[in-house]
Amino acid sequence: FTHSDRLIMSTQKISIFLASLRGGGAERNMLRLANGFADKGLNVDLVLAQSDGAYFQEVSPKVNLVQLEASRVILSLPKLIKYLRQEQPTYLICAVKHINLVGLWAKSLAGFSTRVIVTVLNSLHTSNNLLFWKGFLIQKLIHYCYPWADSIVAVSEGVAESLATTTKLSRNSIKVIYNPVVSPNLLIQAQLPISHPWFSEDSLPVFLAVGRLNKQKDFITLIRAFAISQNVYPAKLMILGEGEERSQLESLIKELELEDKVSLPGFVDNPFTYMRQATLFILSSIREGLPTVLIESMAVGTPVVATDCYSGPAEILDQGKYGILVPMKDAEGLAQAIIDTINKPIESEVLKSRAQVFSKQRSINEYLKLMEVDLG
């Protein structure tokens, strides 16, 4: 393992275990936690099953990187056991279902007193992107293994309710801590310029969506809704992200003759500056846990529209107070919400204020309280 020599200001070591630093909400949020703990003077290891990803440049120099170099997460188990025995961290924080399970198995097999916190990011009963048998197996493993955790954290009330009902865990045993989304760094990055021609003064307004190009995000409904809204409000649509549905989305864009109006630029390092300059942010998902991109857009003052999917959007938007909620897979309804929001947007300062409920500082303080960490 690689370890940096640095002043340790706390006797407690906190380890955060991730599959990799590939681009995604889970990775970005866990990285924010790691950096935030390190800024508080805690001894932090960021343990990666695989050493790839887009976020390496965002790892604070105060965070110690431990790379297990496994080809798959499950194959990192022996090395994670060895790491726990050698380093004996006080806490191991995991996120994402298979990572949570491997973390719990490693703690059990290592035979050391490391306390494991599993973080649940999505509602279990809506995880329909898995093969039935795989989903069934994971649900059974969660039901059996999650009670081994010292603490279970859900990222929203909706996720907590889902976890309790689908695994028969006590709702009282699940703590809700919102993701560490809004930070000073996010607001600084949002101010950086964009060289994209769509954001020049004489261009049409730009609607923005951000996420993996997959079924969960349902960008097919979004593109259809955008096509409908063009009859009333001419604009352009940009979807940031990469994924397996790219070719399908490109075919639909061509079919609807929107090639000059819809762009799929792929993954970008700094989506926040796009969010700030967009006229409207749209979330079209069929399921979420706590959609970070929705909060990030509000944090930079951009009006939002979201599907009322389970779970997260209704909680973030306070049942529609801070943005219109639309039924899932309803292109007509989404188009109308887009037009209504453009005609009567919520004030930027109101949105920014709401987003502070999901601040990085608040989340870090909640985790420190949960872990009973004394910073002296």
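Reply: Helix H3 is mostly covered, with ten of its 14 residues buried; buried means under 20% relative accessible area, as against exposed at over 50% and partly exposed in between, with a 1.4 Å probe and protein chains only. The model is predicted, so local features need pLDDT of at least 70 and side-chain atom pairs count only at pLDDT 80 or more, while totals for chains, interfaces and linings use all residues. Residues are numbered from 1 along each chain as its sequence is written, and side-chain values use heavy atoms, leaving out hydrogens and water.

H3 covers residues 97-110, and helices (H or I, at least four residues) and strands (E, at least two) are DSSP runs numbered from the N terminus. Among the buried residues of H3 are Lys97, Ile99, Leu101, Leu104 and Ala110. The end C-alpha atoms of H3 are 20 Å apart, which agrees with the 20 Å that its 14 residues should span at 1.5 Å a residue; the expected span is 1.5 Å times one less than the number of residues. After H3 comes glycine 111, with a positive phi near 70°.

The sheet is open and has seven strands, in the order S3-S2-S1-S4-S5-S6-S7, with parallel pairing; two strands pair if DSSP finds at least two bridges between them. Strand S3 (64-67) and strand S7 (174-176) each have a single partner strand, so one side of each is left without a neighbour in the sheet. Within the sheet, S5 (residues 115-120) and S6 (residues 151-154) pair in the parallel sense over four bridges, and isoleucine 117 stands opposite serine 151 in S6.
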